[in-house]
Amino acid sequence: MTTHRRWSRLAITGLALALIAIHVAALAGIGSRMGFWHFSTGFTLLKWAAILALVSLATSLLGLWFTGVRKRRRGTLMAVLGLIVAMVTATPPLLWMQRAAEVPRIHDISTDTTDPPRFDAVVPLRREAPNPVVYGGAEIAAQQRQAYPEIQPLMVDQAPDEVFEQALALVQARGWQVVAADAEAGRIEATDTTFWFGFKDDVVIRVRAQNGGTRVDMRSLSRVGLSDVGTNARRIHGFLRALKARLS
């Protein structure tokens, strides 16, 4: 076998590894979402997909270097494709692992840590969920305040009934499953399902009159997992920001 063929095959090998990696990564989430395996198995598959993608990245770089130097166009194209697929595959899990290392291992976020909104209607839906609906108390609150100081109640000038209607409309617009909507009590309960792994996180929104306006509190709680990797905080922050824009 000639030298240039060997380097071309190295580029092809890099692309093949990248394609295997991206399929493993996709199956990790799909299998967990559809209940084929436990989410921890999905995480393990995702980890190995990232490792395989990094191996593909190194292999494709070598292939690109040697085929590029020798101007083997077919091998160069294979190496470039391998690099692209490998980077697309490796980036999400690596960013996820970095984020997991930066945030506390908590999964219950509330704008009111002294009197957090209580779940009611979603409780029967969480019978098999390992994470309880009872708030974790001062320790969880302290970790939240340090990691997510931006999580605060929303104060607006509009009347509670108008705010409630807009909050419910926003929940529906975001595709969350509405479990209960009690305008008189000023409480909305809903479930948001994450895209990739299909994790179900429950949300309760509390709307109350305060100081001539309305205060909106929100709590987001994961059903599984010790750490939510910041998902619940991002959900609350994004929702309340969007609600404020609707009411402006």
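## Basis of the description

The model is predicted: local features need pLDDT of at least 70, side-chain atom pairs count only at pLDDT 80 or more, and totals for chains, interfaces and linings use all residues. Residues are numbered from 1 along each chain as its sequence is written, and side-chain values use heavy atoms, with hydrogens and water left out.

## Overall fold

The chain has six helices and six strands, where helices (H or I, at least four residues) and strands (E, at least two) are DSSP runs numbered from the N terminus. Their order from the N terminus is α-α-α-β-α-β-α-β-β-β-β-α. The radius of gyration is 24 Å, well over the 18 Å that the globule rule gives for 248 residues, so the chain is more spread out than a compact globule. This radius is taken over C-alpha atoms, and the globule rule is 2.2 Å times the number of residues to the power 0.38. The C-alpha trace spans about 80 × 40 × 30 Å along its principal axes.

Of the 248 residues, 42% count as buried (under 20% relative accessible area; exposed is over 50%, partly exposed in between; 1.4 Å probe, protein chains only).

## Nonpolar cores

A nonpolar core is a set of buried Ala, Val, Leu, Ile, Met, Phe, Trp, Tyr and Cys residues joined through side-chain atoms within 4.5 Å. The largest has 30 residues, of which I205, M218, F239 and L243 touch the most other members. Elements that give two or more residues to this core include helix 5 (160–173), strand 5 (200–210), strand 6 (213–222) and helix 6 (231–247). A second, separate core of five residues includes A25, A28, L46 and A49.

Leaving aside residues up to four places away in sequence, L243 touches L154, V163, Q166, A167, L170 and V216; contact means heavy atoms within 4.5 Å.

## Helix 4

The buried residues of helix 4 are I140, A141 and Q144. Seen down the helix axis, they fall within an arc of 100°, so they line one face of helix 4; the arc is that of the directions from the axis to the C-beta atoms. On the other side, A138, E139 and Q146 are exposed.

## Strand pairing

Five of the seven residues of strand 4 are buried, so strand 4 is largely enclosed by the rest of the structure. Strand 4 pairs in the antiparallel sense with strand 3 over five bridges and with strand 5 over seven bridges; pairing requires that DSSP finds at least two bridges between two strands. A190 of strand 4 is the bridge partner of V178, and I205 of strand 5 is that of I188.
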